[in-house]
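Subject: Structure handover

Hi,

Here is the structure I promised to pass on. Please open it alongside this email.

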Amino acid sequence: RYIKPVNKLLKRRGIRQFIKFGIVGASSTIIDWGIYLLLTRIFHLFYLMAKILSFSVAVLNSYIWNRRWTFRSNDPKRLREFIKFLTIAMVGVVLNVLIMYIAVEYLSWHDIYGLFLATAIVLFWNFLANKYFTFKS
């Protein structure tokens, strides 16, 4: 009874792309959070600097898999495409850091809660911006 509506939804290209984007995002999040926790908990790096570094590494993973798998881009101008992706990612990192800063410094949240909130908000920004700007067909 629930299979038909789900199958119908999955036939929509945008839904499939969002699911794939979510899977790629999950792998990038593991990389991002793993590096963040390593830098803050083991190396005692300031949380905002750690966030910038961890997010930057995760961006490379995200670009490669979103280009190849999610959006199946075959744009021969890879450098131009990567610059677009990087631009979106830079806005994403600014949003991430801003949200974390507000959560930690103004709301007095633990940095992990700020990390969760920032990740959730920036997920939607990244998907929409990449779908309609970086990898638009």
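This is a predicted model: local features need pLDDT of at least 70, side-chain atom pairs count only at pLDDT 80 or more; totals for chains, interfaces and linings use all residues.

Helix 5 first. It spans residues 111-134. Its buried residues are Asp111, Gly114, Leu115, Ala118, Val122, Asn126, Phe127, Ala129, Asn130, Lys131 and Thr134. What covers the buried residues of helix 5? Helix 2 (13-42), helix 3 (47-70) and helix 4 (78-106) are among the elements that do.

Now the rings. The count comes to 13 aromatic pairs. Take Phe18 and Phe127. Their ring centres are 4.9 Å apart and their planes stand at 85°, over the 60 degrees required, so the pair is edge-to-face. This pair links distant parts of the chain: Phe18 is in helix 2, Phe127 is in helix 5, and 109 residues separate them.

Are the two partners buried or exposed? Phe127 is buried, with a relative accessible area of 7%. Phe18 is partly exposed, at 29%.

Both belong to a cluster linked by ring pairs.

Last, two charges over rings. The charged end of Lys84 sits over the ring of Phe133, 5.1 Å from the ring centre. Lys131, one of the buried residues of helix 5, has its charged end over the ring of Tyr132, 5.5 Å from the centre.

Best wishes

Methods
Residues are numbered from 1 along each chain as its sequence is written. Side-chain values use heavy atoms; hydrogens and water are left out. Buried means under 20% relative accessible area, exposed over 50%, partly exposed in between (1.4 Å probe, protein chains only). Helices (H or I, at least four residues) and strands (E, at least two) are DSSP runs, numbered from the N terminus. Contact means heavy atoms within 4.5 Å. Rings of Phe, Tyr and Trp (its six-membered ring) pair if their centres lie within 6.5 Å; planes under 30 degrees apart count as stacked, over 60 as edge-to-face and the rest as tilted. A charge sits over a ring if NZ of Lys or CZ of Arg is within 6 Å of the ring centre and within 35 degrees of the ring normal.
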